[in-house]
Amino acid sequence: MLITMALTVKLLLLIGAIAVQSEECSYRARDELVCTNIHALEQLRNGAQKNIDSLVFSKSNFVSLDQSIFQGFERVKSIAFDLCNITAIPSGSFRNLHNLESLQFGLSRLDQIADDAFSEMFTLRRFIVSDTPVKRIRKEWFVDMHALTEVNFQSNRLEEIDDGALDSSPNLEELYVSRNNLTEIPRALLRKLRTLEAIHFNGNLLDHLYEDVFAGLTSLKTLHLENNRLETLPALLFKDQSSLKDLHLQSNRIKGLRGDLFSNAKNLQEVYLAENQIEFLPSTLFESNHLLETLDLSDNQLTSLEGGLFVSLKRVYLARNQLSSIAYGTFSKATKLILLDLASNHFEKISPEMFRGLPALKTLLLASNRLTEIAPSSFDNLTRLDTLNLEANKLKSLPQKPFGKNSALEFLFLADNEVEELQVGVFDRLPNLFHLDLDKNRIRSFESGLFRHLKRMEHLYFNENQLSTISAKTFEGLTSVKLFQIARNPVKSIDCDFFQELPSLQWLSIEDVKIEGFPSRCFSNLKQLNRLQITGLMLRKLSEATFIGLEKLSYLNLTGNSIERIEAGAFEGLGGLTELHLDKNRLSDIGERTFLGLQRVVTLTLSDNAITSLPPKVFAPLTSLTTLNLNGNKLEALEKGSISYINKLESLSLGMNKISEIGTGTFDEFGFLSTLDLSNNTLRRIDSEMFRGLKNLRVLHLEHNEIASINLDVFDYLPNLEHVGIAGNKLDARVEEAITQTYPRAFFPR
């Protein structure tokens, strides 16, 4: 590598007259030197190193970190080793670094560490060894680390910590020993750490805890013990944790908890006990924890709930237990509860007694139970409820006006049930309903007036039902709906007048139904529509003026229909359209006037049709087009005029056709083109005349053709070419190698 004189002078001024090469060390910031692939730190002893605050070594190999290596670095405050191999850290390696505050080893290898390797590190505040195999933490390492506030030994395959290892670091605030192989926390390890605020022992193999292991830790706020093998918790485990706020015990093997376990942890705010084997919780468990707001008991084996458990709570997660009933009064004192998750339990019936005493509840999740019945007035006490999820149950019907007192409800999920009919009036008392999901039921029809009072609803889903017709007044009243999807129903006819009931619609999707066509002006009442997707239908043709009136439409997807013919004027009135997708149809001929009026279309896809040729000026109206996809058609030969002049085209895809010849001048007028895909055709030869005019071409795909020979200067007239895909042809290996060397990223999997 050539180094400019200015850079050479700068390096000399910064690191002295040393043998460090520019590719080894560089300055990431004014006071941080980053070195990669260093093998002899002696190179950095002399010169201006004294001005460096931070040293970072990456992908380097060191025989030994002798203390003399850091001579001249007395000012340094931070040293980090990343992806390094260090054979030995001998006695007193960092002894002279009196300003060092942070020492890190990450994703490295440490073979031998002397007992006093870290002696005299009186100023060190952060000591991090992560993703580096270290089986034992020795007490001797920390003897002089009186200023430590953070110790991090995560993901090191750690098996043992000397008892009392941290006794000399009384100012420690954060301890991270996650994702190791520890089977126990030494009894006296934490005894002198009175300022400790966060402990992370998650992801180990802990199968027991000493009763006094956290004794004296009155400042502890966060404790992570999740993902271990704990089965029981000693009675006095948390007796000194008066400051504890967040407790994580999920993913253990805990079967039960004593009623007074948390009695001294009066500042608890969040407790996570998910993924254990808890079968029962005593009613007194949280009676002293008046600040507790979040309790996660998901994925346990609870069969019942005791009253009094939820007095101060705001969020309770009980999903995936074995609850089949809730006794009267269970939530009678849970006046602050705003979220209750009871999903994936064994409930068969909802009754009014279940949810008495929940005046603040906003979210109730009952998905994936076994519900077959909802008794009248079951939700009457939940006057602030805004989200109700009843998905994936076995409901066949809803009672008359089941939500009579739930006027605050905004999100209602009823998908994946067995509902066959919805009576008029069932949604009448839901003036604020915003989102209604009725997917995957057995509904055959919607009675007129069913949605009449849902003036604020914006999202309606009823996919995978049994609707066969949609009449004019089916969706009367949905004046605010913005997103509407009709998919996977046996719908055979749609009365176009029904769109008059959806004046605010912005996104309409009609997918996989049995409709064979839409009359002219069918969508003309959808003045606000921005996106229209009609896919998987049985359309044969697009009639003139089909989309008239959709002045605001910007996206039209007509993929996967059976369209054989597009009448002139079919896209009339779509002056704002920017994307048009006509893939996977049966188009063989495209009329010259097909795209009239589409002057703002930027992307046009016609892939996977049966197009054999294109009229000379078919794309002329598309004055903004930048991307054209004609993959997967039946084009055989290209010559000048085969693809009409498109002034701004940047990407042209012609892959998977039957193109065997490209005539001179084919691309003469495609000066803006940057990407050309000719892969998976039957081209046998390539010459420079084929690509004449492509002065801005950057990417050329020629993979999987039948090219047997090629001149190495064929691309010389493409001054901006960067990448060529040439794999899967019949070229000599030496030719491929030559192209690979000239265009290094020549091979792209396709």
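Trainee: How do the residues lining the largest pocket divide into nonpolar, polar and charged?

Mentor: Five are nonpolar, one is polar and five are charged. Ala, Val, Leu, Ile, Met, Phe, Trp, Tyr, Cys and Pro count as nonpolar, Asp, Glu, Lys and Arg as charged, and the others, Gly among them, as polar. Keep in mind that this is a predicted model: local features need pLDDT of at least 70, side-chain atom pairs count only at pLDDT 80 or more, and totals for chains, interfaces and linings use all residues. Residues are numbered from 1 along each chain as its sequence is written, and side-chain values use heavy atoms, with hydrogens and water left out.

Trainee: Which residues line that largest pocket?

Mentor: Leu110, Asp111, Gln112, Ile113, Pro133, Val134, Lys135, Arg136, Arg138, Trp141 and Arg157. On a 1 Å grid over the protein atoms alone, a pocket is an open set of points with protein on both sides within 12 Å along at least five of seven lines, while a cavity is a set where a 1.4 Å probe fits but cannot get out. Lining residues have an atom within 4 Å of a point.

Trainee: What is the volume of the largest pocket?

Mentor: About 190 Å³. Grid points are joined across faces, edges and corners, and the volume is the space filled by probe spheres set on the points.

Trainee: Which strand gives the most to its lining?

Mentor: Strand β8, residues 109-113, with four residues. Strands (E, at least two residues) are DSSP runs, numbered from the N terminus.

Trainee: What sheet is β8 in?

Mentor: An open sheet of three strands, in the order β4-β6-β8, with parallel pairing. The edge strands are β4 (61-62) and β8, each pairing on one side only. Two strands pair if DSSP finds at least two bridges between them.

Trainee: How many bridges do β4 and β6 have?

Mentor: Two, in the parallel sense, and β6 covers residues 85-89. Phe62 stands opposite Ile86 in β6.

Trainee: Switching to cavities. How many of 30 Å³ or more does a search of the whole structure find?

Mentor: Two. The largest cavity holds about 60 Å³ of space. Its lining has 11 nonpolar residues, no polar and no charged. Among them are Ile137, Phe142, Phe153, Leu166 and Phe201.

Trainee: And what lines the second largest cavity?

Mentor: Gly517, Phe518, Leu539, Lys541, Leu542, Ser543 and Thr546. They divide into three nonpolar, three polar and one charged. The volume of this second largest cavity is about 30 Å³.

Trainee: New topic. Is Ser554 buried or exposed?

Mentor: Ser554 counts as buried, because its relative accessibility is 18%. Buried means under 20% relative accessible area, exposed over 50%, partly exposed in between (1.4 Å probe, protein chains only). Ser554 is in the loop between β33 (541-542) and β34 (555-557).

Trainee: What does Ser554 touch?

Mentor: Asn530, Gly576, Leu577, Thr578 and Glu579, not counting residues up to four places away in sequence. Contact means heavy atoms within 4.5 Å.

Trainee: Where is Asn680?

Mentor: In the loop between β42 (675-677) and β43 (699-701). Asn680 is partly exposed, at 31% relative accessible area. Leaving aside neighbours within four places in sequence, Asn680 is in contact with Met656, Asn657, Glu703, His704 and Asn705.

Trainee: What separates the C-alpha atoms of Asn680 and Met656?

Mentor: 4.7 Å, though the two residues are 24 residues apart along the chain.
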